[in-house]
Amino acid sequence: MKTKRRIIVPILLFFIVGIIWLNSSMDAVISDMQSDWVFDLLNPIFEKVFDRTLTVHIVRKLAHFIEFAVLGGVLYLAVSLFDISPSMRIYTSGTLSMIVALIDETIQLTSEGRTSQVTDVWLDCLGSISAIICLAMIFHLAHLDRDDPEEDAADASPDNEDRDKTK
């Protein structure tokens, strides 16, 4: 199973970063059209559920948060393939997410009619770290953050407890 993850997770990560950077490379007209399309799709649902109207600005900010939450989650999974501590997984995946966010906003500087905003980097990082922390908690609660769960189970067996008491 871990071999499949070592293949699938990096491919998924490459795909997600590619989508994020491709969206940033779009000029303002195409980017606005994409935002308007998503707005037209979500606003009727939002109005029925919350009895309020969305704005295109909110849709754009939600897109930042969501795409980077997905990135943060996949980065955490990718980093979890390596033999490092849970806290180092959080730090590494968070740092890599921030680097992707900074490059993302830099790409927007080169796209016609687009600007770069520091607040978007903060929002991107917030999306990433939200997913990273959620996954870290799930890994911890499910005991997936241990090096060898079978070894941990063997250490907790009654035979080992008796042996520890005789020491």
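Hi everyone, let's start at Pro10, which counts as partly exposed at 38% relative accessibility. That label covers the range between buried, under 20% relative accessible area, and exposed, over 50%, using a 1.4 Å probe and protein chains only. Before going on, a word on the source: this is a predicted model, where local features need pLDDT of at least 70 and side-chain atom pairs count only at pLDDT 80 or more, while totals for chains, interfaces and linings use all residues. Residues are numbered from 1 along each chain as its sequence is written, and side-chain values use heavy atoms, with hydrogens and water left out.

Back to Pro10, then. Pro10 sits in helix α1, residues 2-25; helices here are DSSP runs of H or I with at least four residues, numbered from the N terminus. Which distance separates Pro10 and Leu77 in space, C-alpha to C-alpha? It is 9.3 Å, although the two are 67 residues apart in sequence.

Now to the salt bridges, meaning a side-chain nitrogen of Lys or Arg within 4 Å of a carboxyl oxygen of Asp or Glu. By that rule there are two. In one of them, Arg60 pairs with Asp32, and the closest N and O atoms are 3.3 Å apart. Arg60 belongs to helix α3 (residues 56-80) and Asp32 to helix α2 (residues 28-50), so this bridge ties together parts that are 28 residues apart in sequence. Both partners are partly exposed: Arg60 has a relative accessible area of 25%, and Asp32 has 40%.

Asp120 and Lys61 also meet through their side chains in a salt bridge, at 2.5 Å from N to O. Here Asp120 comes from helix α5 (residues 118-141) and Lys61 from helix α3, so the pair links parts that are 59 residues apart in sequence. Is Asp120 buried or exposed? At 5% relative accessibility, Asp120 counts as buried.

Let's look at how α2 and α3 meet. Their axes come within 9 Å and cross at roughly 100°, where axes are lines fitted to C-alpha atoms over the stretch in contact and angles run from 0 to 180 degrees between N-to-C directions. That makes α2 roughly perpendicular to α3, a label that covers 65 to 115 degrees. With contact meaning heavy atoms within 4.5 Å, Ser31, Asp32, Ser35, Asp36, Val38 and Phe39 in α2 meet Val56, Val59 and Arg60 in α3.

On to the rings. Phe, Tyr and Trp (its six-membered ring) pair if ring centres lie within 6.5 Å; planes under 30 degrees apart are stacked, over 60 edge-to-face, and the rest tilted. The structure has two aromatic pairs. Phe46 and Phe50 have ring centres 4.8 Å apart and planes at 45°, so that pair is tilted. Both lie in helix α2, four residues apart, about one turn of the helix. Phe46 is partly exposed at 26%, whereas Phe50 is exposed at 52%. Tyr76 and Phe139 form an edge-to-face pair, with 5.2 Å between centres and 85° between planes. Tyr76 lies in helix α3 and Phe139 in helix α5, so this pair ties together parts that are 63 residues apart in sequence. Tyr76 and Phe139 are both buried.

Last stop: Gln108, in helix α4, residues 86-109. Gln108 is buried, with a relative accessible area of 4%. Which residues does it touch, leaving aside neighbours within four places in sequence? Gln108 is in contact with Ser24, His64, Arg114 and Thr115. Thanks, everyone!

Notes
Helix = DSSP H or I, 4+ residues; strand = E, 2+ residues; numbered from the N terminus. Parallel < 35°, antiparallel > 145°, perpendicular 65-115°, else oblique.
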